[in-house]
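This report describes selected local features of one structure. Please keep the sequence and the coordinates at hand while reading.

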Amino acid sequence: MSRRRPRPEATDPGRHPRPDMRMRVYTVGVLGGLGILGGRLVQLQGADANALAGRALKQRTSQTTLYAKRGDIVDDEGVVLATSVERRDVIADPKAVAGFNLRANGEPYKAGRGTGPAGAAALLAPILGIDEQTLTAKLTGDNHYAKVAVGITPELWQQVSDVGVAGITSVRQTQRIYPTGAASSTLVGILGTAETDDDGNVVDKPLSGLEYADQHLLQGRNGLMRYERSLGGQEIPLGNRETTEPVDGTSLHLTIDSDLQWKAQTAIAAKVVETGARSGTVVIMDKEQRLLALASAPSIDPANLTGMTNAQLQNTALTEAFEPGSTAKVVTLAAALEEGVDTADSRFTVPGELKRFDKTFHDSHPHGDEKLTLAGVLAQSSNIGTILAGEKLDPDLKKVSQILHGYQQKFGFGSRTTLEFPGETAGIVGDPAKYSGTQRYTVMFGQGISVNAVQAASVFATIANDGVRTEPTLISGTSDPNGNYRAEPAGESTRVVSAATAKTLRDMMQAVVSEEGTAAAAAIPGYLVAGKTGTAERYDSDLGRYSGYTASFIGMAPADDPELVVAVILQDPKTNYYGGSAAGPVFKEVMSYALVQRGVAPSTRPPADLPLTWGGDQDAEQEIATGAVGDTAGQ
């Protein structure tokens with residue numbers, strides 16, 4: 001009897017795949033993975049290769065800004081007023097410094113020298129002037145970057161480099177210096193460190209003056225260096241390197257004479273202190289209106305900006321508007337002469353007071369009727385006499401205002417110069433059609449209008465230049481980084497009054513600095529001086545009303561052949577507010593210095609000696625003979 005072999009249990013196809021099926025699945029899986037891997041390799045080696053290589057290069061590439069040298073600012077003789085010098089920032093790689101003077105076995109390479117950060121600090125601290133412990137701390141760490149010192153000289157950096165500490169490098173920087181200090185700081189301007197560039201470095205930002213106005217020329221264009229670096233942060237000698245060279249800035253050549261600038265600044269700063277004035281200004285220009293000095297007090301030492309105020313940054317010769325007072329009488333009398341309604345010896349009976357519109361006008365000193373010529377009116381700085389002369393321009397007072405407005409504009413009032421100096425004010429010369437009844441008279445003696453000091457000086461330079469006004473200039477030329485000089489065009493010239501009118505005014509203004517005038521203190525022995533005082537009521541914008549005075553004297557010398565014009569302005573002096581006695585001595589000091597410094601020969605002609613009175617009026621003669629100390633306008 002045979003036994004039946006047991007039949008194998010039936011297999012569930014869903015739970016127990018057949019071996020050939022498993023093999024097929026496995027094979028498909030392997031092939032799929034290989035396909036994906038291959039595709040990825042193709043992608044990496046083909047389409048993405050350049051992108052990946054670029055990314056890798058970027059990760060090991062460093063870049064450094066190559067700073068352009070800022071252009072210099074020099075005076076008319078090439079004396080440097082502002083320049084940039086090379087400085088170095090010392091950078092450490094602490095990971096590299098950790099191996100200083102250290103063998104792999106821990107022994108030093110050079111016996112007697114310290115090792116690691118402490119050893120490096122012991123050698124570098126005396127050179128850098130840094131406390132050794134502080135420097136050790138800076139050189140210690142796991143990073144690759146630490147700024148150790150800022151702004152050291154190239155010579156000092158050479159000493160640091162000679163020590164030979166691996167991981168100590170430097171980055172070139174520049175530092176702006178101003179050799180003339182506070183004497184020209186409000187004109188040249190200053191830089192402040194307030195901006196951060198694309199590399200995170202703090203860079204200089206122009207704050208004022210020409211540094212600000214001509215930033216686009218001075219700053220140049222920075223360059224860039226890209227290089228491959230190792231894991232240790234060092235440049236790979238044969239690695240990729242790309243350099244874009246910087247383009248240095250353009251240098252400015254000014255018309256300024258640094259000696260005169262220093263003299264003017266010193267004189268006005270002392271007078272501001274002496275009189276307790278709020279501010280002071282001196283302008284020196286030649287008759288072609290090339291500006292030789294623009295001094296402004298207070299000013300600031302560019303080497304020490306601690307406690308700096310906005311007022312110390314302002315060059316008030318251009319940024320401050322003020323009512324000129326009696327110096328503007330020259331414009332009114334120029335109009336009277338040019339229009340042919342008066343001559344230097346025209347006769348006026350000047351009363352002690354004059355009622356016009358709703359106001360009674362006075363002169364600076366009480367007097368009875370005075371018999372003054374037009375020259376006498378100017379010498380005595382008579383408000384009333386000036387009104388009487390101005391009224392002769394036309395029977396219609398409104399037309400008088402229009403005529404005077406035209407001359408004020410031709411002399412440069414109410415418009416900014418072409419200097420494009422930051423913060424320059426155009427002054428205020430209103431529409432004569434909108435003048436009040438009183439203002440139609442006050443503008444004749446310089447109240448009710450405002451100017452800046454350069455505009456005020458420009459009137460006298462025009463008269464010195466035989467009636468031709470040339471637009472003031474401050475920059476004579478520029479030079480590119482290669483030293484190629486390019487002269488700036490001369491300012492445009494316009495005739496304002498005839499040469500004859502200009503000469504008559506010069507002759508009339510000589511009497512102002514005589515014993516019969518208001519500014520005997522401005523006389524200079526050996527030279528004929530022509531000028532005019534101003535003592536104007538000062539409008540205080542902070543108070544919203546008139547308070548204090550503006551004292552001024554503007555003159556030219558030699559009056560018989562003018563070369564130079566000096567304007568002196570004092571704002572709100574406390575101890576002496578008369579233009580003749582407060583500003584006059586500053587004029588004398590500065591002009592005397594300038595005449596000698598520029599080799600101007602003394603006068604050879606006698607004084608003009610025009611008659612100041614008429615009719616043999618002994619009282620008037622006596623009044624003038626004692627001299628007038630004031631010429632206060634706006635009474």
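What covers the buried residues of helix 4? The cover includes strand 3 (80-92), helix 3 (94-97), helix 5 (132-139), strand 4 (146-152), helix 6 (154-163) and strand 5 (168-177). The model is predicted: local features need pLDDT of at least 70, side-chain atom pairs count only at pLDDT 80 or more, and totals for chains, interfaces and linings use all residues. Residues are numbered from 1 along each chain as its sequence is written, and side-chain values use heavy atoms, with hydrogens and water left out.

Helices (H or I, at least four residues) and strands (E, at least two) are DSSP runs numbered from the N terminus. The buried residues of helix 4 are Gly116, Pro117, Gly119, Ala120, Ala121, Leu124, Ala125 and Leu128. Here, buried means under 20% relative accessible area, exposed over 50%, and partly exposed in between (1.4 Å probe, protein chains only). At Ala122, helix 4 bends by about 35°, and Pro126 follows within four residues; the bend is the angle between axes fitted to the seven residues ending at a residue and the seven starting there. Just after helix 4, Gly129 takes a positive phi of about 70°.

Three strands form an open antiparallel sheet in the order 1-8-9. Its edges are strand 1 (61-66) and strand 9 (241-244), each pairing on one side only. The twist averages 15° from one strand to the next, with axes being lines fitted to C-alpha atoms and angles running from 0 to 180 degrees between N-to-C directions. Strand 1 and strand 8 (residues 223-228) are joined by six bridges; two strands pair if DSSP finds at least two bridges between them. Within this pairing, Leu66 has Gly223 of strand 8 as its bridge partner.

Two further residues are set out below.

Leaving aside neighbours within four places in sequence, Gly414 is in contact (heavy atoms within 4.5 Å) with Ala426, Val429 and Gln455. Gly414 and Ile449 are 35 residues apart in sequence and 8.8 Å apart in space, C-alpha to C-alpha.

With the same exclusion of neighbours within four places, Asp540 contacts Arg278, Arg545, Tyr546 and Ser547. The side chains of Asp540 and Arg278 make a polar contact at 3.2 Å. A polar contact is a pair of N or O atoms within 3.5 Å; within protein, one must be able to donate a hydrogen and the other to accept it, and residues adjacent in sequence count only if both atoms are side-chain atoms.
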